[in-house]
Amino acid sequence: MSPRTEKQLEAHKKEKKEKIIRGALRLFATKGYFNTSISDIANELNISKGSLYNYFDNKERLLNEAVDFALKEASELNLSEDDLKDLSPEKIFKAVVEGYFKLLEEKKELWSLIVSLAIHVGSIPSVHKTISSIYEELTKQLSELFTMIGHHDPENEAVKLGALMDGIGIQYMIFGESYPLNSIKENIIKGYINSKKNLP
C-alpha cells in the first residue's frame with residue numbers, strides 16, 4: 001500500500017477531529033460540560049487521551065470548537081440572505097421563527113448544550129463571549145424585524161420573544177415529542193403577524 005498523500009493526510013486529520021468534536025458535543029449535551037472529562041470523551045470514541053490531546057490542548061478549547069462547529073451546522077438550517085432579500089418583513093419574521101423551531105427539532109444536542117452552558121456561563125469566560133454574542137445577535141435581528149413590522153416597542157418586544165423562545169426550548173427538552181411544538185410555533189407567528197393587538 002502506497003503512503004498517503006499530504007492531501008489525504010489532511011482529510012484524515014480533519015475527519016478525526018470532527019469525530020472528536022461530535023463525540024464531545026454529544027457528551028457535553030447529555031452529561032453536562034463539567035461532568036464530562038477528557039477520559040470520558042476518549043472512552044466514548046475508543047481513542048487514547050494522548051491521541052485526543054494531539055487535536056485539543058484542553059477541554060475548554062474542545063468545548064469552544066464544539067460550540068462553533070454546532071452553530072455553523074445550525075446556521076445551515078436557516079434561509080440565506082439571498083433567500084430573504086425579496087421577502088416582506090412579515091415573511092422574514094415567519095422564516096426566523098420557523099428556523100428557530102427547526103433548530104429545536106433537528107439540533108437537540110446543540111440546544112441542550114447552550115441551555116446547560118447558559119446556566120454556568122460565568123464559569124467559562126471564553127464561552128460566555130460566544131453565548132452572549134448569540135443572544136445579542138438574535139435580539140438585534142428580532143428588534144429590526146419588529147421595527148419593520150411596525151411594533152411600537154421593538155427592542156423590548158425582541159427581548160420578550162427571545163425569552164419566550166428560550167422557555168419553549170427548555171420545556172421541549174423536558175417533555176420531548178409530547179410537547180405541542182408545532183401548534184405553539186403557529187400561535188407565535190399568528191400572534192405577531194395576524195393579530196392586531198400585538199401591533200400599534
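Let me start with a lysine over a ring. The charged end of K59 sits over the ring of Y33, 4.3 Å from the ring centre. This is a predicted model, and what I quote is computed from it. Y33 also belongs to an aromatic cluster, together with F28 and F34.

Now the aromatic pairs in general. How many aromatic pairs does a search of the whole structure find? The count is six. I will go through two of them. A pair of aromatic rings is described by the distance of the centres and the angle of the planes. For Y100 and F101, the ring centres are 5.6 Å apart and the planes stand at 85°, so this pair is edge-to-face; the cut-off for that label is over 60 degrees. Y100 and F101 are both buried. The other pair is Y172 with Y179, which is tilted, with 6.5 Å from centre to centre and 50° between the planes. Y172 has a relative accessibility of 4% and so counts as buried. Y179 counts as buried too, at 12%.

Next, the overall architecture. The protein chain has 10 helices and zero strands. Read along the sequence, the pattern is therefore α-α-α-α-α-α-α-α-α-α. The chain has 200 residues, and buried residues make up 38% of them. As for contacts, take those between residues at least 6 apart in sequence: 66% of these join residues at least 24 apart.

On to helix packing. Two packed helices are described by the angle between their axes and the distance between the axes. I have two cases, and both involve α6.

Helix α6 covers residues 89-106 and helix α8 covers residues 125-149. Their axes come within 9 Å and cross at roughly 150°. The two helices are therefore roughly antiparallel to each other, given that the label applies to angles over 145 degrees. The crossing in which α6 passes α8 is left-handed. Which residues meet there? From α6 they are P89, I92, F93 and V96, and from α8 they are L142, L145, F146, M148 and I149.

The second case is α6 with α7, the helix of residues 108-119. Here the axes come within 5 Å, and the crossing angle is roughly 100°. That makes α6 roughly perpendicular to α7. On the α6 side the contact is made by Y100, L103, L104, E105 and E106. On the α7 side it is made by K108, L110 and W111. Note that Y100, from the edge-to-face pair, is among the α6 residues in this contact.

M165 is found in helix α9, residues 154-175. Is M165 buried or exposed? M165 is buried, with a relative accessible area of 2%. In sequence, M165 and Y100 are 65 residues apart, while their C-alpha atoms are 8.2 Å apart in space. If we leave aside neighbours within four places in sequence, M165 is in contact with Y100, W111 and L142. Of these, W111 is one of the α7 residues that meet α6, and L142 is one of the α8 residues that meet α6.

S143 is found in helix α8. Its relative accessibility is 13%, so S143 counts as buried. Again leaving aside neighbours within four places in sequence, S143 is in contact with P154, E155 and A158. K160 has its place in helix α9. K160 is partly exposed, with a relative accessible area of 49%. K160 and T139 are 21 residues apart along the chain, and their C-alpha atoms are separated by 9.3 Å.

Last, a backbone item. Most residues other than glycine have a negative phi, and most peptide bonds are trans. Where is N46 placed? N46 lies in the loop between α2, residues 38-45, and α3, residues 49-53. At 71% relative accessibility, N46 counts as exposed, the cut-off for that word being over 50%.

Conventions: Residues numbered from 1 in each chain as written. Predicted model: local features only at pLDDT ≥ 70, side-chain atom pairs only at ≥ 80, totals over all residues. Heavy atoms only, no water. Phe/Tyr/Trp six-rings, centres within 6.5 Å; stacked < 30°, edge-to-face > 60°. Buried < 20%, exposed > 50% of the residue type's maximum accessible area, 1.4 Å probe, protein only. Lys NZ or Arg CZ within 6 Å of the ring centre and 35° of its normal. Axes fitted to C-alpha atoms, helices over the stretch in contact; angles between N-to-C directions. Helix = DSSP H or I, 4+ residues; strand = E, 2+ residues; numbered from the N terminus. Parallel < 35°, antiparallel > 145°, perpendicular 65-115°, else oblique. Left-handed = near helix turned anticlockwise from the far one by under 90°. Contact = heavy atoms within 4.5 Å.
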